[in-house]
Amino acid sequence: MRKFSEGISLYLHVPFCIRKCPYCAFYSVPMSNRELVGVYLDAVELEASKWSNWRTCKRPIRTLYIGGGTPSLLSVGEWERLKNILERNFNLDFLEEATVEANPGSLNEDLLTFWKEWRITRVSIGCQSFDKQDLLILGRPHGALEGMKSLELALVKGFHVSCDLLFGLPGQTIRRWHANLETALRLGVHHVSCYQLTLEEGTQWGKSPPQSIPSGYPFYRWAQYYLEKKGLYQYEIASFALRGFECSHNLGYWYRRDCIGIGPGAWGFIRGRRYKNVSSLKDYVSRLKEGRSIKEWSERLIGLHGALEAAMLGLRTRWGIDEIDLIEEFGKEKAQEVLLRLEDVPEHLLKKKPHKLVLTRRGMRVGNAIWEKLVS
Ligand code: SF4
């Protein structure tokens, strides 16, 4: 979908958390001392100024996303510095959306006021659950009430508010999951992201998984039914929103919009090349100081590889794959290869409209099996 892929986005990774959650695969370090933040900001300033010399950066940024980690751990003073770094080095005058990720426990009124007076329009809050037992099992550094309070504070300030919730937790029941969804809706959030607990390599739970992890399927099916019934339509595998409150930054990601990723562990995508910055604050800082590359990995996704990635990302969304866009971008032969791989996916999982392929709700529930067809 061309309208989502145009323009350029900016992602900044803030790699600090209170402590590491046992299931988390995102790059973050415990904020052991405040001086680390100063060191991090010095390095971000160096990286941002390198980018600002590139022609790519003269283009107006369409969406900004500051994620982590826990960006709400930074103080207002540190945010002031971050704001100046970004304003000096990027063209933020035409932003359509600016999101900050926050966690209950560190989000406060002063931060929200600062963000509101700057350019931030959207706050995504990692509540994960409103159930005391779930939060204990997950090792979250906040309670259920703090989660609710954070959502309320952000809503009162007039932000578009998204709430992250996890399902398929050890010992979780559908009743408890339903109570979480109901609480988020009762508080009036505009957007809910539902993620299934996964045991990722390199995490504490990846090494020693907890007992009694239920199948995520019925939880997900319930979210699809209940959230849609309450007016939050599903526009992506994990994302539900009131109309007009979809996350434009993420839509850009799924439709392969150029995105500058800065900060340690950040991902970026520029003109068909995906890259990842080093996932180590120490390395990130020293490499920047020494003028060395901070890329840990980079790959140009062209030809069939690019077409398959575009198909996988597009199919995550409600708008699916547009065959004409695919042909225009990758050529007829590669587009046909993609379509061939999806040919025998049954109609109840993949709707085949003229020039379009879209996953059904049922298809979204078995997305992984469909990605396998694409990569096999
Ligand atoms: S707070 Fe979020 S980013 Fe930080 S460790 Fe926990 S899940 Fe990961």
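His355 sits in the loop between strand 16 (350–353) and strand 17 (356–359), where helices (H or I, at least four residues) and strands (E, at least two) are DSSP runs numbered from the N terminus. Its phi is near 60°, a positive value in a residue other than glycine. This is a predicted model, in which local features need pLDDT of at least 70 and side-chain atom pairs count only at pLDDT 80 or more, while totals for chains, interfaces and linings use all residues. Residues are numbered from 1 along each chain as its sequence is written, and side-chain values use heavy atoms, with hydrogens and water left out.

**Backbone geometry**

- Most residues other than glycine have a negative phi, and most peptide bonds are trans.
- At 46% relative accessibility, His355 counts as partly exposed; buried means under 20% relative accessible area, exposed over 50%, and partly exposed in between (1.4 Å probe, protein chains only).
- Arg271 also has a positive phi, near 45°.
- You will find Arg271 in the loop between strand 12 (267–270) and strand 13 (273–277), and it is exposed, with a relative accessible area of 52%.
- Gly68 and Gly69 are joined by a cis peptide bond, with omega about 20°.
- Gly69 belongs to the loop between strand 4 (61–68) and helix 3.

**Salt bridges**

- Side chains of opposite charge can pair when their charged atoms come close.
- The count here is 20 salt bridges, each being a side-chain nitrogen of Lys or Arg within 4 Å of a carboxyl oxygen of Asp or Glu.
- One of them pairs Arg119 with Asp93, their closest N and O atoms being 2.9 Å apart.
- Arg119 is in the loop between helix 4 (109–117) and strand 6 (122–128), and Asp93 is in the loop between helix 3 (76–89) and strand 5 (97–102), so this pair ties together parts that are 26 residues apart in sequence.
- Of these two partners, Arg119 is partly exposed at 26% relative accessibility, and Asp93 is exposed at 55%.
- Glu109 and Lys157 form another salt bridge (3.7 Å, N to O).
- Because Glu109 lies in helix 4 and Lys157 in the loop between helix 6 (144–156) and strand 7 (160–167), the pair ties together parts that are 48 residues apart in sequence.
- Glu329 and Arg256 also meet in a salt bridge, at 3.2 Å from N to O.
- That pair links distant parts of the chain, 73 residues apart: Glu329 is in helix 13 (residues 323–330), and Arg256 is in the loop between helix 10 (248–254) and strand 11 (258–262).
- Glu329 is exposed, with a relative accessible area of 52%, whereas Arg256 is buried, at 10%.
- Asp42, Glu45, Arg81 and Arg88 are linked in a salt-bridge network.

**Cysteines**

- A search of the whole structure finds 0 disulfides, a disulfide being a pair of cysteine sulfur atoms within 2.5 Å.
- The sulfur of Cys127 is 4.0 Å from the closest cysteine sulfur, in Cys163, which is too far for a bond.
- Cys194 is in no disulfide either, as the nearest cysteine sulfur, that of Cys163, is 8.6 Å away.
- Cys127 is buried, with a relative accessible area of 0%, and Cys194 is buried at 3%.

**Surface charge**

- Arg243, Arg318, Lys351, Lys353 and Arg361 gather in a surface patch of positive charge; such patches are made of residues with over 30% relative accessible area and no salt bridge, with like charges joined within 9 Å.
- Arg318 is in the loop between helix 12 (303–315) and strand 15 (321–322), and it is partly exposed, with a relative accessible area of 34%.

Notes. Patches are made of residues with over 30% relative accessible area and no salt bridge: like charges are joined within 9 Å, nonpolar side chains (Val, Leu, Ile, Met, Phe, Trp, Tyr) within 5 Å. Accessible areas come from the Shrake-Rupley method with a 1.4 Å probe; for residues, only the protein chains shown count as cover. Lys and Arg count as positive and Asp and Glu as negative; His and the chain ends are not counted. The place of a charge is taken as NZ of Lys, CZ of Arg, CG of Asp or CD of Glu.
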